[in-house]
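Take a look at it, then read on.

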Amino acid sequence: ILGIRPGYDALTIDPCIPPEWKGFTVRRVWRGAVYEIEVANPQRVSKGVRECRLNEIPQDTASGCGIIPAQAAGSVNHVTVMMGKSG
């Protein structure tokens with residue numbers, strides 16, 4: 001449901017949540033790095049990532065989900081995800 005999946009070299013963020021949810025926050029430790037993830041759902045959709053940022057830097061969302069590359073062990077990283085329809 002929260003859709004935070006580790007891969008070989010990246011975290012994929014692809015939430016599928018009830019449209020009533022305004023969003024959620026989660027703290028994920030992966031490969032020694034901390035990811036403070038905040039997902040906002042202003043359009044009240046169930047699925048789809050419109051924008052994704054890692055430490056304020058835009059990330060790839062072409063696949064409809066956020067792709068977050070692995071960060072250095074010991075680092076603390078802030079991820080913001082905006083769900084919604086593109087355009």
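Strands (E, at least two residues) and helices (H or I, at least four) are DSSP runs, numbered from the N terminus. By that count, the chain has 0 helices and 8 strands, so reading from the N terminus you simply get β-β-β-β-β-β-β-β.

This is a predicted model, where local features need pLDDT of at least 70 and side-chain atom pairs count only at pLDDT 80 or more, while totals for chains, interfaces and linings use all residues. Residues are numbered from 1 along each chain as its sequence is written, and side-chain values use heavy atoms, leaving out hydrogens and water.

Of the 87 residues, 37% are buried, meaning under 20% relative accessible area, with exposed over 50% and partly exposed in between (1.4 Å probe, protein chains only).

Now for the rings: the whole structure holds 2 aromatic pairs. Rings of Phe, Tyr and Trp (its six-membered ring) pair if their centres lie within 6.5 Å; planes under 30 degrees apart are stacked, over 60 edge-to-face, the rest tilted.

| Pair | Centres | Planes | Type |
|---|---|---|---|
| Trp-21 and Phe-24 | 6.4 Å apart | 75° | edge-to-face |
| Trp-30 and Tyr-35 | 6.2 Å apart | 45° | tilted |

Trp-21 is partly exposed at 32% relative accessibility, whereas Phe-24 is buried at 12%. Trp-30 and Tyr-35 are both buried.
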